[in-house]
Structure formats: C-alpha cells, structure tokens
Amino acid sequence: MNRAVFMKQTVKVKVKSAYVKSIKSGFPLLKKEAVQNLQQLGAEGTILELTDDSGLFLAKGYYGKQNKGIGWVLTHREEEQIDVGFFEKKLKRAFELRQSFFSDPGTTAFRLFNGEGDGIGGVAIEYFDGYLLIQWYSEGIYHFKDLFIEALNSIVDYKGIYEKKRFDLQGTYMEDDDFLIGERAPVPLLVKENGINFAIYLNESAMVGIFLDQREVRKTIRDNYAKGKTVLNTFSYTGAFSVAASLGGAMKTTSVDVANRSKSKTIEQFSVNGIDFEAEDIIVEDVFNYFKYAGRKNLSFDLVILDPPSYARSKKNTFSAGKDYPDLLAKAIDVTEQGGVIVASTNCSTFGMDKFKGFIEKAFKQADSKYQVLEEFRLPADFKTIKEFKEGDYLKVVFLQKL
Ligand code: SAH
C-alpha cells in the first residue's frame, strides 16, 4: 500500500523556564506565553521540537492556533516520528477503548476520538451509525488531514466521512459542504442513544442536533426522574432532554429556546420517537423572559433542566456562565416545586466542580431555599480526558432537590 509521503517542517522552539516543568509533567497545551521564539514558528501545521533553555529535548508537538493556545504536545519521546504510524497508534487505542459502544445496539452515536484526551489535541471524531464526523479546531491540525484519513482507513469500518472546520478562514465560516469521502449519509441520519432516536444533520451547520456528552444525563432523567412529572427544559436546543423525559413518562414537557429553528427541530425529535409533539409545549423565547412570565403566572415544575451555553448574547441579555450562573439558577429555583428536582448543568471549562458547587450554594441562598445534592455527572467515558489537562474535563451536572 502506498503511504502518503509526509515531510513536515520541524522547528526547534525554546520553552520559557517557567513552563518547562508543566510541559515535562504532561500538560499537553502549548501556550503562547510559554514560547521564547514565537516569530520562528513558521506556518501552522509545523512540527515543533520543544526544548528547554539549554536546548535539551522536552517534547514534540505541532503549531496550530486555537482560542486556548498555539499548539499541542504530541509526544515526549525524541525518537518518535509524527507520521501515519503515529496517528494509527493513537486512533487504534481510541478505537479499542470504545469497543463497548460499538457492540451496543441501543447506542449508535458516540465520540470516537477526543482530542488531547486520546493523545492529539485539536481534533475530535464522532461516530454516527457508520458515519464519521471529524472536527478540526485549528488550521494547524487540518494540515494532518491526509494522515488522519489514511490512519482511519486502516482502523475503522465506515460508510462515509464528514468534517467541520471549526477555525476561522479569514474570519468567515465558508463551508457549504462538509462531506469528505465515502457514501453520503441520509438526511436526516437517524441514530440511537440508549434506545432513544435522534435525527441528526451532518451537513447543515456547525452543530449536528445532539450533544453526545449528555448521554448519561438523558438516560438518568428518562429512567429515574421523569415519570409523572411536569418538566421544564430551558436552553432546550433540539429538545433532547425533553424527549428523554417524555419517554420516561413525564406528564408534560415544556421546552424553551430562543432560536427559531429549535421549534421544528424539537418537533422532529419528538416525532422520530413516536411522541405526540402537540401534547408538549415548545416555546421559542429568551429563557430570561420566560422566567419572568412564569413568575407572573405562578408556574412551577417538578423537574427543571438548566443547561445554558457558556456564553450567550441575546438582544437584551448577555450571559457568561462564570459570572451569571448563580443568578440564572436562582431563577430556576423559583419555578421549581418544593421537593422538585433541578438538573444544573454547565459545559464551561473556565471553572471546575468546586466552584460550580459554590455557585449552587449561592443560588439557593439568593432564592432563600434549601437543597440536597442527589447525584453528579461528569463527561462520559467516550469523552476521554487526562488528569494533566483539567480544562478538558469541562462538563459538570448536578441533580439537586429543592427542599
Ligand atoms: N441543553 C441542550 C443544549 C443547549 S445548546 C441539549 O442538551 O441539547 C444552547 C442553546 O441555548 C442553543 O440552542 C441556543 O439557541 C440557546 N440559547 C442561548 N441563549 C438563550 C437565551 N437567552 N434564551 C433561550 N435560549 C438561549
């Protein structure tokens, strides 16, 4: 077999002494401020050989600008080449770690490769019933595309591959066709998660219609928290939590999202699960307005799901989870029945579980109410993380009972 000829330029880069220890101990992200000779990095995709001040080898990585850094460490072994074999090795290990997903007929959508958690930062691959979706987070990693695909070809059986370039091409997202190779997927593509159906779109926008990292939370809501309950799902997107609740026997779900498209998308997700969407409430509105409305009407719910984006700007409000989560949660507490449950979730990577618990404490004080923690969730196993990179372990979900 012909292997892609691959000769990447290598540049020696000196790491500032204050950062040597962290690189040595396995921190995978290369920060701009850690590098001495920034101007010599060359073009994105260049292989970087990181050394300390005296020129002693530390690690190899690549140059690729993302919001959080300028590249990722790939190996700490000087003799290791960054070639097809390297990508095959990482992908194969990732593939093996997901065998339980491949053999579960009830779940056909999961993350196959999770960036630095699986050894290569800046790229994620999701598996959707035989189709692969590669997300490239920098132009730098995109230069390794041919190697990735060659490696994938030898490891995974797939029907087709799609890609999303999640980096700026001169500031605009120009992609009108994300299809790459193989067979095109049906539109929509129906996938399963613990027996729940989801209609997804691989070739429509930056997001496909479902966030796979909430799989266990959806299952838990369906299996243990929904039966007979009235459910409010805020920031509902395509209504995935509402569908899970409804399948778990919820009396009624109310989904609230400000995006117009959320309504038809939510109707579709109910429909592919055989749920009569007309018996459910699907509201296109700013959640902050909805809370005001609910307050005026004295509405309250048995189960309230709160999963806002980390940052959002609407006409009247800007929301930043790191600052505004307690306020938002206090509003959710106000519309929760006594004895009811709140699913407080955040995907914000700038704070950890301890700070999130502090936010919860603050919110209940503000709402003049008491609570107990029922259970907690972090990322599922397919979103593999490493202990050296806490920021990668971004998801925090706490089930709270209002007392
Ligand atoms: N909880 C969802 C994912 C939420 S994605 C799930 O698990 O599937 C974030 C959603 O928040 C987007 O659909 C966006 O339209 C919506 N959103 C952002 N700001 C909002 C606001 N102020 N009011 C209502 N929805 C908002």
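**Note on the predicted model**

1. Glu 49 stands opposite Lys 60 in S4. The two strands here are S3 and S4 (residues 57-66), which pair in the antiparallel sense over five bridges. Strands pair if DSSP finds at least two bridges between them. Strands (E, at least two residues) and helices (H or I, at least four) are DSSP runs, numbered from the N terminus.

2. Some ground rules. This is a predicted model, in which local features need pLDDT of at least 70 and side-chain atom pairs pLDDT 80 or more, while totals for chains, interfaces and linings use all residues. Residues are numbered from 1 along each chain as its sequence is written, and side-chain values use heavy atoms, with hydrogens and water left out.

3. S3 and S4 belong to an open sheet of five strands. Its order is S1-S3-S4-S5-S2, and the pairing is mixed. S1 (10-14) and S2 are the edge strands, each pairing on one side only.

4. Look next at Thr 46, in the loop between S2 (29-30) and S3 (47-51). Is Thr 46 buried or exposed? Thr 46 is buried, at 4% relative accessible area. Buried means under 20%, exposed over 50%, and partly exposed in between (1.4 Å probe, protein chains only). A polar side-chain atom of Thr 46 lies 2.5 Å from the backbone oxygen of Ala 43. Leaving aside neighbours within four places in sequence, Thr 46 is in contact with Gln 9, Thr 10, Val 11, Leu 41, Gly 61, Tyr 62 and Tyr 63. Contact means heavy atoms within 4.5 Å.

5. Glu 139 lies in helix H4. This residue is partly exposed, with a relative accessible area of 36%. Glu 139 and Lys 65 are 74 residues apart in sequence, yet their C-alpha atoms are 7.2 Å apart in space. Not counting residues up to four places away in sequence, Glu 139 touches Glu 44 and Phe 167.

6. Helix H5 (residues 145-155) is largely enclosed by the rest of the structure, because eight of its eleven residues are buried. Among them are Leu 147, Phe 148 and Ile 149, but also the charged Lys 145 and Glu 150. The cover over the buried residues of H5 includes helices H2 (84-97) and H4 (139-142). It also includes strands S7 (123-128), S8 (131-136), S9 (160-165) and S10 (179-182).

7. Six of the six residues of S9 are buried, so this strand too is largely enclosed. Gly 160, Tyr 162 and Lys 164 point one way, and Ile 161, Glu 163 and Lys 165 the other. S9 pairs with S8 in the parallel sense over six bridges, and Lys 165 is the bridge partner of Trp 136. With S10 the pairing is antiparallel, over three bridges. There Gly 160 stands opposite Gly 182.

8. Last, the ligand. Which residues are closest to the ligand? Of the 15 that surround it, the closest are Phe 235, Asp 257, Val 258, Val 287 and Asp 307. A residue counts as near if one of its heavy atoms lies within 4 Å. By class, this shell has ten nonpolar, no polar and five charged residues.

9. One of its oxygen atoms is 2.7 Å from a side-chain N or O atom of Asp 257. A ligand nitrogen is 2.9 Å from a polar backbone atom of Val 287. A polar side-chain atom of Asp 307 lies 2.8 Å from a ligand nitrogen. The protein covers 90% of the 590 Å² of accessible area that the ligand has on its own (Shrake-Rupley method, 1.4 Å probe).

Terms used
Polar contact = N/O pair within 3.5 Å; in protein donor to acceptor, adjacent residues only side chain to side chain.
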